[in-house]
Amino acid sequence: MVVGAQAREIDTVVIGSGPGGYVAAIRAADLGKKVVIIERDNIGGVCLNIGCIPLKALINVGHRYREATEETPFGLITSGATLDWQQTQNWKQNKVVHTLTSGVEMLLKKHHVEIVKGEAVFNDNETVNVLQEDGHELLQFNNAIIATGSRPIEIPTIPFGGRIVDSTGALAFTEIPKKLIIIGGGVIGSEIGGAYANLGAQVTIIEGLDHTLNGFDSEMTKPVLDDFKAHGGVIVTSAIAKKATQTDTEVTLVYEADGKEQSITGDYLLVAVGRRANTDGLGLNNTDIKVDSKGLIIKDDTMRTSVPHIYAIGDIVAGPQLAHKASFEGKIAAAAIAEDAQARDLHYSLPSVAYTQYELATTGETPDSVKVNHLDAKISKFPFVGNGRAISMDQAVGFVRLISDKSSNALIGAQVVGPAASDLISELSLAIENGLTTKDISLTIHPHPTLGEAIMDAAELADGLPIHI
């Protein structure tokens with residue numbers, strides 16, 4: 001504790017106001033705790049301000065622009081479509097981001113959560129010091145939830161600056177790049193690359209692995225990659241980025257592929273090689289909180305760290321760095337603080353989505369995990385080309401794939417590629433978590449014509465009674 005400073009006593013302190021932090025704070029307040037949430041930047045964290053939400057806004061603009069500038073098979077002809085990029089950026093920032101972040105701030109106030117601006121640093125296991133521009137404030141807490149998220153990883157030989165940007169910089173370009181180079185073909189790199197390709201940029205992805213969109217199998221990614229390449233995109237896999245130089249107007253990347261050193265020049269270079277947990281700078285060394293070799297905070301299934309009254313959630317603990325995972329864990333931590341005996345992370349499926357040109361979504365087991373874990377499972381797949389709604393939308397690309405246990409027919413995994421995959425996956429996660437069988441799904445009336453019928457058709461296929469295939 002700082003000598004001479006008087007600490008204010010707080011029941012529960014939440015550090016970070018992203019999707020994990022603000023959800024945890026509101027839930028804890030609803031469960032009767034007096035809560036203070038500490039935020040050093042903007043309310044809403046990375047997701048709402050500089051991550052998921054503004055990126056999805058740009059992806060939406062890219063889809064609309066492409067629809068307005070490409071030929072359609074149903075006779076709709078448009079010409080002369082132009083895009084006011086400044087208006088796009090203003091809409092993204094002021095309408096989309098501001099609406100959501102101000103909404104979160106309103107929700108926090110509505111639930112009587114006090115907001116304290118500043119950077120939190122633990123003094124010990126019971127006290128956190130909030131560093132502010134004009135001073136600091138000491139808070140002594142009974143419980144704390146750490147939800148400080150993550151930040152982009154920088155390649156030491158290719159530092160951020162100028163025309164070399166991270167994902168935040170790529171979302172704030174003052175112009176649409178003519179040639180955009182991306183190091184990293186994961187979900188973030190592929191989503192941003194796809195958005196700018198739809199807006200007319202020539203996009204080249206340099207990926208270190210032998211494939212892109214890690215986490216999704218080749219059968220799922222093929223339609224996405226085929227479309228990306230068909231629209232001028234270039235993907236170089238098994239490549240090592242070595243160095244980059246830039247001028248006032250362009251940036252050149254030197255990389256190694258096929259045993260040869262090569263170079264490429266573009267307007268901007270986006271480095272999207274992953275994210276690092278924000279656990280440094282928190283003063284964890286002043287506490288008894290344990291971290292692993294990657295700097296991730298070790299916790300149990302109630303989100304409790306090695307200090308029993310301090311909890312950790314989201315990107316700073318093990319598992320995929322997903323906003324909905326952080327929110328889920330935040331509710332568990334809040335319930336655990338409220339001494340709810342049911343507060344445990346017992347989930348089986350964790351949905352994951354890539355918002356590429358054709359959306360990719362997966363939950364639960366995959367064909368690969370079935371093999372690795374030697375599960376006795378069967379796979380059924382129904383293509384959107386057999387779905388009336390998809391055909392009428394001219395989006396009959398992709399499929400619904402179900403993985404069910406052979407003996408019980410219980411759904412244990414599912415993947416969707418194609419239109420509205422990000423929404424359809426929720427029904428499948430619900431089915432998995434509730435132990436539903438493929439017969440339960442096939443006997444559930446699905447409205448016609450809808451994309452969801454493809455789930456019912458895949459279930460009927462698993463039951464050996466297909467109608468539409």
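Helices α6 (187-198) and α7 (218-230) each give at least two residues to the lining of the largest cavity. Everything here comes from a predicted model, in which local features need pLDDT of at least 70, side-chain atom pairs count only at pLDDT 80 or more, and totals for chains, interfaces and linings use all residues. Residues are numbered from 1 along each chain as its sequence is written, and side-chain values use heavy atoms, with hydrogens and water left out. Helices (H or I, at least four residues) and strands (E, at least two) are DSSP runs, numbered from the N terminus.

**Empty space**

Rolling a probe the size of a water molecule over the atoms shows where empty space is left. On a 1 Å grid over the protein atoms alone, a cavity is a set of points where a 1.4 Å probe fits but cannot get out, while a pocket is an open set with protein on both sides within 12 Å along at least five of seven lines; a lining residue has an atom within 4 Å of a point. Points are joined across faces, edges and corners, and a volume is the space filled by probe spheres set on them.

Counted that way, there are three cavities of 30 Å³ or more. The largest cavity has 16 lining residues, and those closest to its centre are Ser190, Gly194, Val224, Phe228 and Gln357. The second largest cavity is lined by Pro152, Asp166, Ser167, Ile188, Val271, Ala272, Val273, Gly274 and Arg275.

As for the second largest pocket, 28 residues line it, with His63, Glu67, Gln357, Asp394 and Gln395 nearest its centre. Helix α3 (residues 52-69) supplies the largest share of that lining, seven residues.

Here are the volumes and linings side by side. For the classes, Ala, Val, Leu, Ile, Met, Phe, Trp, Tyr, Cys and Pro count as nonpolar, Asp, Glu, Lys and Arg as charged, and the others, Gly among them, as polar.

| Space | Volume | Lining residues by class |
|---|---|---|
| Largest cavity | about 150 Å³ | seven nonpolar, seven polar, two charged |
| Second largest cavity | about 60 Å³ | five nonpolar, two polar, two charged |
| Second largest pocket | about 830 Å³ | 10 nonpolar, nine polar, nine charged |

**Helix α1 and its partners**

Axes are lines fitted to C-alpha atoms, for helices over the stretch in contact, and angles run from 0 to 180 degrees between N-to-C directions. The axes of α1 (residues 21-30) and α4 (residues 85-110) come within 9 Å and cross at roughly 20 degrees. So α1 is roughly parallel to α4 (angles under 35 degrees count as roughly parallel). Their crossing is left-handed, meaning the near helix is turned anticlockwise from the far one by less than a right angle; clockwise would be right-handed. Tyr22, Ala25 and Ile26 of α1 meet Val104, Leu107 and Leu108 of α4, where contact means heavy atoms within 4.5 Å. This contact has six nonpolar residues, no polar and no charged ones.

With α8 (residues 323-337), α1 packs at an angle of about 30 degrees, the axes 8 Å apart. That makes α1 roughly parallel to α8 too, but the crossing is right-handed. Val23, Ala24, Arg27 and Ala28 of α1 touch Ser327, Gly330, Lys331 and Ala334 of α8. By class, this contact splits into four nonpolar, two polar and two charged residues.

**Backbone details**

The peptide bond from His448 to Pro449 is cis, with omega near -5 degrees. Pro449 sits in the loop between α12 (438-442) and α13 (453-462). Leu213, a residue other than glycine, has a positive phi, near 50 degrees, and lies in the loop between β10 (202-206) and α7.

Notes. Parallel < 35°, antiparallel > 145°, perpendicular 65-115°, else oblique.
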